[in-house]
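Here is a short briefing to read alongside the model. Have the viewer open and follow the topics in turn.

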Amino acid sequence: MRAAGNYRPTFSLSSYLVVLLVIPLLVLLLLLTFLIHPLSSRSSSSSSSETWAVGNSSSTSRNFSYSRALSAAPAEAPLTSFLYGSPSPAPAPAPAPQISTGAIQVGGIRRVKSWRSMKLDKLEESLSKARSSIREAAATSLALKNKINSTSKSVQLVHDQDPDYVPHGRIYRNAQAFHRSYLLMEKLFKIYVYEEGEVPLFHAGPCKSIYSSEGRFIHEMEKGKLYRTKDPDEADVYFIPVSVTNLVEYLYVHGTPDRDPIKRAFIDYIKVIADRHPFWNRSLGADHFMLSCHDWGPVTSSSVPDFYHNSIRVLCNANTSEGFNPSKDASFPEINLLTGEISSLGGPPPSTRTVLAFFAGRLHGHIRYLLLNEWKGKDEDVQVYEVLPKKVSYENKLKSSKFCLCPSGYEVASPRVVEAIYAECVPVLISDAYVPPFSDVLNWRSFSVQIPVQNISDIKNILMGISHRQYLRMQRNVKQVQRHFVMNGPPKRYDVFHMIVHSIWLRRLNIRVHDF
C-alpha cells in the first residue's frame, strides 16, 4: 500500500478521450449561442405618452436609410419625387443588397443571415430593379420631349402595352414614367394588413359620409382581393387598419378638449404589433402606413413619434404647415358620399356654362370667412352663397359654371375639389400650404387654378385673365383626370383606390429597409 502523501490520481485512456470530446463541444455551443443571440446596440426606449417609442429601438438608432431623390424635380413641381427628373441624366441607383453569400460581416465577425433577412434582401433587390426601370422610363420620356422641342418634329412616344388605358397628355408630370410605375406596382406590390384590433375602431370605417374615402379604402383592404398578402415576410408595406374617424366617434367625448383616449388607443395598437411582430422594430415604422381623412389624423399619428417622423401617413389633411412631409407622406382626396354612391358624373359642354365661378357653403374657418365677406351676393359672375336659394340645385350650379371655387375650411382639404371634377367644372383651389392629391403624378396646373388666400379679392380678375382657349384645354383635362378620382365598387384600374395605393408604392420605393 502506498502512503497517502505520495498518492497521484491516474487517468485511463478513455478519460482523455472524453475530455478531448467535451471541450470542443463546449466551444461549439458557446459559438452557436453568440451567433444566435448577437449583442444588441439599441437601447430601451421610454414609454411616456409624449416621447413614446416602440419596442427595443430608439429614434437615434435606425436600421433603415432613405434613398436620395433619383433626380431633381422641376422648380415649379409641388413636391420632389424620384419619378420626375430634369433633362440631365439621373444618377445611377444604389447597388442592390447582395444576397448570394447568406452571410454578412459585422465588426470583423462573419454572421450567418437568417432566412427572414435573406427574404428581405431579395425583396429590396426587386424594388431596386423597379426603381431603375421607372427611372429609365422617365429619362427616355424627357429625352424624347427635348428632341421634339429642339427639332420641332413629331416624335412618337413609345408606351408600355396596356389593355385598358395608357396615361398620356399634360395632366401628368411624366405620363410614361407613371405608366411604368403603375404596371410595376400591379405586378410587385404587396401589403400586409395587421389582424390585431377589433371592429369598429379597427378594420372598419365610414363609407357613407364626408370621410367615405377613408372607410372605403379600409373596406377594400379588408376584402383582400387587391395587393393584400397573408404572409408578412413577403410584404413591401404594413397597413395599420385604424379608422381615426371611428376612434373619434366612439372614444371622444364631444364638447371636451380631451383627445387622450384617441391617442392612447393608437399608442397601444402600435405597441401591440411591435411586441408581437418583428417588422416595426426592423424599420422603426418606415415601411408602415396609416390612412385617415379625419381632421385629427395628423395629431393622432403624432402620439407615436417614430410613426410621425418615419411612417407613411396617407392624409386628406395634407398641410405642410402642420408637419405633412410630401417626401414620405401622401395626400388623398376627401370624397363626400352621403349615400355611398356617386350621384352623377359629367356635365354639359363648356358652351352652355354661363356662370364664371360658383361657391356655396356655410362659414367654416377663416378662409371661407374671407371669401364670403368679399364676394357673397356681390357679383353676377362670381356667385358666392352661404345658403342656396330654395329650389336651386347645388349640382346644377356646379354643372352650369366654368370654374368651381374650392376654399379650405378649418383644415386644408375640401370635398368640393372632387365634386368639381365630377361635374367637369375646373376646380379653383383657395388655400395655403396644401398639397393636392397625387401631386407626384398629376400636373394640377393643367386642370385647376390655384389661388393663394391673400388673393381672394382678385378672383374675378385672375379667372377673367384665362383665355377661352386655355379654359377649354383645362376643361378637357378635367374630363380626362376624372377617372383617377372616381370611387368604384369593386375598384377599377387607375381609379382613386389604385391611385392611393400607387402613392404608397412610391413612398416605399424611396426607402431601403435592412435587417442586420
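How many bridges join strand 7 to strand 8? Two bridges join them, and the two strands run parallel. This is a predicted model, in which local features need pLDDT of at least 70, side-chain atom pairs count only at pLDDT 80 or more, and totals for chains, interfaces and linings use all residues. Residues are numbered from 1 along each chain as its sequence is written, and side-chain values use heavy atoms, with hydrogens and water left out. Helices (H or I, at least four residues) and strands (E, at least two) are DSSP runs, numbered from the N terminus.

- Strands of a sheet pair through backbone hydrogen bonds, either parallel or antiparallel.
- Strand 5 and strand 6 (residues 288-292) run parallel and are joined by two bridges, and F239 stands opposite F289 in strand 6.
- Four bridges pair strand 6 with strand 7 in the parallel sense, with M290 opposite R313 in strand 7.
- On the next pairing, L315 stands opposite S331 in strand 8.
- From strand 7 (residues 312-315), I312 and V314 point one way while R313 and L315 point the other way, and all are buried (under 20% relative accessible area; exposed is over 50% and partly exposed in between, with a 1.4 Å probe and protein chains only).

**Strands 9 and 10**

- Strand 9 and strand 10 run parallel, joined by four bridges, and A357 stands opposite V382 in strand 10.
- Between them the chain passes through helix 10 (residues 366-375), and this β-α-β crossover is right-handed: with the strands pointing away from the viewer, the path from the first strand over the helix to the second runs clockwise.

**Aromatic pairs and charges over rings**

- The whole structure holds 25 aromatic pairs, counted for rings of Phe, Tyr and Trp (its six-membered ring) with centres within 6.5 Å; planes under 30 degrees apart are stacked, over 60 edge-to-face, and the rest tilted.
- One of these pairs, Y192 with Y238, is edge-to-face, at 6.1 Å centre to centre and 65° between the planes.
- Y192 lies in strand 4 (residues 191-193) and Y238 in strand 5 (residues 237-239), so their pair ties together parts that are 46 residues apart in sequence.
- Buried or exposed, what are Y192 and Y238? Both are buried.
- F358 and Y385 have ring centres 6.2 Å apart and planes at 55°, so this pair is tilted.
- Because F358 lies in strand 9 (residues 355-360) and Y385 in strand 10 (residues 382-385), the pair ties together parts that are 27 residues apart in sequence.
- F358 counts as buried because its relative accessibility is 1%, whereas Y385, at 21%, counts as partly exposed.
- Y165, Y172, F178, Y182 and Y494 form one aromatic cluster.
- R483 lies over the face of Y165, at 3.9 Å from the ring centre.
- The charged end of K402 sits over the ring of Y471, 5.8 Å from its centre; this requires NZ of Lys or CZ of Arg within 6 Å of the ring centre and within 35 degrees of the ring normal.

- S209 is placed in the loop between strand 4 and helix 4 (212-223), and it counts as buried because its relative accessibility is 17%.
- A polar atom of the S209 side chain lies 3.0 Å from the backbone nitrogen of Y211, a polar contact (a pair of N or O atoms within 3.5 Å; within protein, one must be able to donate a hydrogen and the other to accept it, and residues adjacent in sequence count only if both atoms are side-chain atoms).
- Helix 4 has twelve residues and reaches 16 Å from first C-alpha to last, close to the 16 Å expected at 1.5 Å a residue; the expected span is 1.5 Å times one less than the number of residues.
- Nine of the twelve residues of helix 4 are buried, so it is largely enclosed by the rest of the structure; among them are R216, F217 and E220.

**Helix 15**

- Helix 15 (residues 496-509) has 14 residues that should span 20 Å, and its end C-alpha atoms are 20 Å apart, which agrees.
- Since 14 of its 14 residues are buried, helix 15 is largely enclosed by the rest of the structure.
- At the start of helix 15, a side-chain oxygen of D495 comes to within 3.2 Å of the backbone nitrogen of F497.

How values were computed:
Pairing = 2+ DSSP bridges.
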